[in-house]
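This report describes how the parts of a multi-chain model meet one another.

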Amino acid sequence: MRGAVLPISMVPGNSVVHKIAPLPKLLWAVGVLIISFSTRNPAILGAMIVLGLFLASISNIWSSFLKVMGILFPIMVIAIFLQSIAPAFPQPWTPIAQLGPFTIYQEGIYSGLTLFERTFSMTIFAMVFIMTTHPSDLFVSLEKIGMPYVINFILTVTLQLIPILQREFATVLSAQKSRGMKGTGFGAVLPSMVPVFVGAIERVQQMSISLESRAFGSTGKKTSYRNVVMGVKDYVIMVVGLLASAVTLYWILVDKSLDWSRTMHFSPTLSVILVITAALIFVTFIVISVSKIIKT
Amino acid sequence: MEEVLITCDNLSHVYSGGVVAVKEVNLKIRRGELIGIIGQNGSGKTTLVKHFNGLLKPTYGKVIIKGEETTNKRVQELSRSVGYVFQNPNHQLFAKTVTAELEFGPRNLGLSEEEVHERVEKAIEFFNLDTYRDQHPYRISFPLRKLVGMASIYTMRPDVFILDEPTTGQDNITTRIVYQLIRRLRDEGSTVICVAHDMILLAEVVERMIVMRDSVLIADTDPKTVFSDRKLMSSTHLYPPQITELSHRLKDKNFINTYALSIDEMQKVTDQQLQVKRSK
Amino acid sequence: MMNTKEPIIEFRDVTFYYPISETPALQNINLKIYEGEYVAILGLNGAGKTTLQLCLNGVIPNMIMGELTGDVFIKGLNTRDYPTRELAKIVGMVFDNPEFQLTQTSVAEEVALGLENLGTSPHDMEEIIGEVLQTVGLSGLKDRSPFELSGGQQQRLAIASALAMHPEIFVMDEPTSNVDPVGKEEIIAVAAKLNQEKHMTVILAEHEVEVVAQYADHVIVIDKGKIILDGTPQQVFNQIDVLAKCGLRTPQVTEFFNQINQSKKLGIKELPIKIDEAESLMLNQFEKK
Ligand SMILES: Nc1ncnc2c1ncn2[C@@H]1O[C@H](COP(=O)(O)OP(=O)(O)OP(=O)(O)O)[C@@H](O)[C@H]1O
Ligand SMILES: Nc1ncnc2c1ncn2[C@@H]1O[C@H](COP(=O)(O)OP(=O)(O)OP(=O)(O)O)[C@@H](O)[C@H]1O
Ligand SMILES: [Mg+2]
Ligand SMILES: [Mg+2]
C-alpha cells in the first residue's frame, strides 16, 4: 500500500548536499530549470543530468530517489516514442525508418530525446533539492529574504500536500478495506480518490487554522529552531550557481550553432531500437503498476 | 466453552522505525465475550487490535481469526468477521453523506437493497442520527463522527466488534448510547472488544480486562480484580471511577468493608453498613 | 466574580450561524471572564462549546465562514480587527482533533513552531521544548514523526505545542479525551498550576465533570447555543435538576450524595462536588449517628 505512493519528501541525512543552505540549492534548481527550457542542445542537457546524478549520489538519497524515478522515468521516456512519430517541431520532417504503421522522423528522435533530457534534468535537480532540504528551513530562508507571507504559506501547504495526500490515501484505503471494499484494481481504487481529495482539502484548511493559531505568519521577529545560517561556503555556491546559469544562458542565446537538430544524425537501426525500448519501458511500467494496485 | 474466535500466538509488532509496539502477546478471545483493553498511552492497545482485522500483520508470531492465519488474508475478507471502529473517526469516514457511509459496508456484504436499507434505518434510529442523515460526515462534529463510525460497522453485524476508545468526546447521553450498543451487541451474540480509558465503561459494562503496559500484556482478569488492585492501576496510568475511589478511601478507614464500582453499588454498600452499625 | 478590573475576555451579544445553517450555533452570548480564572465549559455534544472557543482566537469570524453578530473582545481587542495569527500571541489553542494540529516532521519541531513565530531565541527554545515535553510525558520521543504517535501521544503533543508559547489565555477543547487518566489529571493539574502561579487564564471544554469540579473556579453551561448556567462549580453542580434537564451529569460523588440525601433525608444543603469533601462528609454524617 505504501509502495504505491510517491515518497516525495525530505530524506533525513547528513551529506554534503544536505548541509548546503536551502537558498543556494533552490537557486541551482531554478537555474537548471531555466536553462532546460532555453536550450535543446543534447550535450548541455546531458551535462546537467550527469551533474544532477552526481549530486544525487553524494546525498545518500538513492533509495527514495530511485523509487520516484522508477515512476517518473517511464513516463518521461514515452516522450521519445511519441515525439519520434509526431514531432512537436517545425516541418519539414525527415523520415529515417518505418516501424509498422509508424514513420520515425529524424527531427522526432531529436525532439524526443531533448524533451526527455529536459524533463529528466529538471526532475533530478528538483528531487535532490526537495529530498535534501528540510521544509521549515526553506520557509525560514524565504521569509528572511522577504518572501511575502501569502506566498510562503502557499509554498508550505504545497510541499506538505504530497505527504498529506499520501496519508489520506492510505487512510481511506484502510477504512474502505475494513468495511469489505468490493472488487480490486483500478475500478475499486479510483472511487476512493474522491474522498482522498475532499479529505485533503479539509486537512489543508485545518492546517492553516492550526498554523495561524500558533502565530504562523504574524508580524514581528522570527527565529528558527533548525538554525539556518548561510556560511561562506553557501555564498560561494550561490555565486557560482548564479554565474554558471547566467553564462550558460548567455551562451545558449548567442551561439546559434548549439541547435543540432539538423546536424545530428541518427542511424535507422539506432532509432528503431530507441523507440522500441522507450515504448517497452513504458508498457512494462503500466503493467507493473496496475498489478501492484490490484494487489493492494 | 464458546468457540474461540481470535487467537494471538506470541504476537509481536515492530513499526518500520523500529518501535516495538506489541511484544510476545498470547491471547484467546471467545464468542460472546465483552472485553476491555486498558493501558497507558502508547502501551500498544491500538496496535494490538489492528491485528484482529488484518490492518496490521504480525512481525513475529501469529494471529488466527476463526481458524485461519491473518498473514495471508486480506482486510476485506476479514472485515466480514471482524469490524474495527477506528480511534480517530476521520480515519474511518469517506462517503458523501452519513447514509452513504452506513450503506457502504452492508452493500459490500452483498445484501439485498431492502436488507441494506433496513439495517441503515435501524442504525440511524439507534444512534439518533436522523437529523444528520444527508450531511457530509466532515461537516458534523468530531464526537458525532465517532458515532457515525460505530454505526457504519454496526450495519455490517460482524462476529467481533472492536471499538477503539468508543466514548471519546461523547457526552453523558451519547455515552449511554454507546454503553447500550455494547450490551446490545453482546446480547445479539457478538464479541465486543473495547479499548478504553473510560473508567465508568470499564467498571460498569466490561466483563474481562486485558491490561497492557509498555507493549506487554501484563494482566488478563475481571474488572473487579483490576480496580481493587491499586498498584496495578496506577502502574498502568489508570484511576478508578470517582465512586470507587471513595469506596477505597472509606474502606481504608474501615468505614465500609467492600469496594463499589458504581453509584448503585455504593448505595447498597453503605446501606448494609448502616444496618450493621445500627444492629450493633 | 466581583471584579472591578476589565475582563480579559468579553462576549457582547454574540450570535453565530454556520453557513447554510438555520439555527444559530451560539445565541445571544454575554460573558465576562477575568484574568486568572479557570473556566470550564460544559454542554452536550453540539451545544456550542467548540464554536464558543473558536471565537476566542478569532478563527471565528476570520477563518471560518459564517455570520457573526455582536463582538468578542480579547484584552480589549475586537477579534474582528485582528487576524488569528496576531491573537495567537495572547491565546493558545488546543483543538479537539489532535491529528489536525500536527504540521511538522518531528515532535520537537512541532513544539518549536509556535516559539519560532514568537521569536524565541534558539537557546531558550531548546529549554522550553524539553520542559513542555517533560510536562506532557513525551520526553523520549523528540525526534519521532508526529504521525507515528499513538492517539493519546498526539493529543499530548498538541497540548505541549500550545503550552510552549506561554499563552496568557489557554483554551483547550476536550484536550485529554484520548489521554490516559493519570495523564489527564497531570495535564489539567499543570494548567491549574500555571493558573495559580502565573495567572494564566484557562478555558477548558470538558465532559468529565469530576475533573471540572476538582480544578475549575468558574463553570459555564451551554445548551443549544445559549448559556444556561454561569457560576462557581459549587453553585452549578448543585443545580442537579437543571443539569439533568439538559442531559448533563454531575460528579459521581455529588450524584451519590443527592441520592442518599433524598432516600435518607439527610438534609444536606450543599452537596459535595470533590472527593475529599465527599469523604469527610461521609465520615461526619454517619459517625454522628
Ligand atoms: N505508525 C507508527 N509508526 C511508528 N510507531 C508507532 C506508530 N503508531 C504508533 N506507534 C508507537 O507504537 C506504540 C504503541 O502505539 P499504540 O497506538 O498501539 O498505543 P495505544 O496503546 O493505542 O495508545 P493510546 O492510548 O495513546 O491510543 C507507541 O509507542 C507509539 O508511539
Ligand atoms: N463546520 C460546521 N458547519 C456547520 N455547522 C457546524 C459546524 N461545526 C459545528 N456546527 C454545528 O454547530 C453546533 C455547535 O457545535 P459545536 O461543535 O460548537 O458543539 P460542541 O458543544 O463543541 O459539541 P461537541 O461536544 O460535540 O464537541 C452544532 O449544532 C453543530 O452541528
Ligand atoms: Mg490507541
Ligand atoms: Mg466540541
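The model is predicted.

**Overview of the interfaces**

The size of an interface is often given as the accessible area lost when the parts come together. The table sets out this area for each pair of parts.

| Parts | Buried area | Share on carbon and sulfur atoms |
|---|---|---|
| Chain C and chain B | about 4,000 Å² | 58% |
| Chain B and chain A | about 1,900 Å² | 54% |
| Domain 1 and domain 2 of chain C | about 980 Å² | 52% |

**Chain C with chain B**

In this interface, 46 residues of chain C are in contact with 42 residues of chain B. Four salt bridges are counted between the two chains. One of them joins the side chains of B:Asp271 and C:Lys264, with an N to O distance of 2.5 Å.

On the side of chain C that touches chain B, at least two residues each come from α6 (151–163), α7 (181–198), α11 (252–263) and α12 (275–288) of chain C. The most is given by α12(C), with eight residues. By class, this side of chain C has 16 nonpolar, 14 polar and 16 charged residues.

**Chain B with chain A**

Here chain B brings 24 residues to the contact and chain A brings 20 residues. Of the area that chain B buries against chain A, 34% is supplied by B:Gln76, B:Phe94 and B:Tyr138, more than by any other three residues. The count of salt bridges between chain B and chain A is one: the side chains of B:Glu101 and A:Arg179 meet at 2.7 Å, N to O. Six residue pairs, both at pLDDT 80 or more, are in polar contact between these chains.

The elements of chain B that give two or more residues to the side touching chain A are α2 (75–78), α3 (98–108) and α5 (142–154). Among these, α3(B) gives the most, with five residues. The residues on this side of chain B divide into nine nonpolar, 11 polar and four charged.

**The two domains of chain C**

The domain assignment divides chain C into domain 1 (9–250) and domain 2 (251–289). Their C-alpha centres lie 32 Å apart. Domain 1 of chain C gives 11 residues to the contact, and domain 2 of chain C gives 12 residues. Zero salt bridges are found across this interface, while three residue pairs, both at pLDDT 80 or more, are in polar contact.

On the domain 1 side, α8 (209–215) and α9 (233–237) of chain C each supply at least two residues. The most comes from α8(C), with four residues. The residues of this side divide into five nonpolar, four polar and two charged.

**A sheet in chain C**

Chain C also holds an open sheet of four strands, in the order β2-β1-β4-β5, with antiparallel pairing. The edges are β2 (26–33) and β5 (77–78) of chain C; each has a single partner strand, so one side of each is left without a neighbour in the sheet. Strand β1 (residues 9–17) of chain C is joined to β2(C) by five bridges, and the two run antiparallel. C:Glu10 stands opposite C:Lys32 in β2(C).

Technical notes: Residues numbered from 1 in each chain as written. Chains lettered and ligands numbered in written order. Predicted model: local features only at pLDDT ≥ 70, side-chain atom pairs only at ≥ 80, totals over all residues. Heavy atoms only, no water. Contact = heavy atoms within 4.5 Å. Buried area = accessible area lost by both parts, 1.4 Å probe. Polar contact = N/O pair within 3.5 Å; in protein donor to acceptor, adjacent residues only side chain to side chain. Nonpolar A, V, L, I, M, F, W, Y, C, P; charged D, E, K, R; others polar. Pairing = 2+ DSSP bridges. Domains from an automatic or database assignment.
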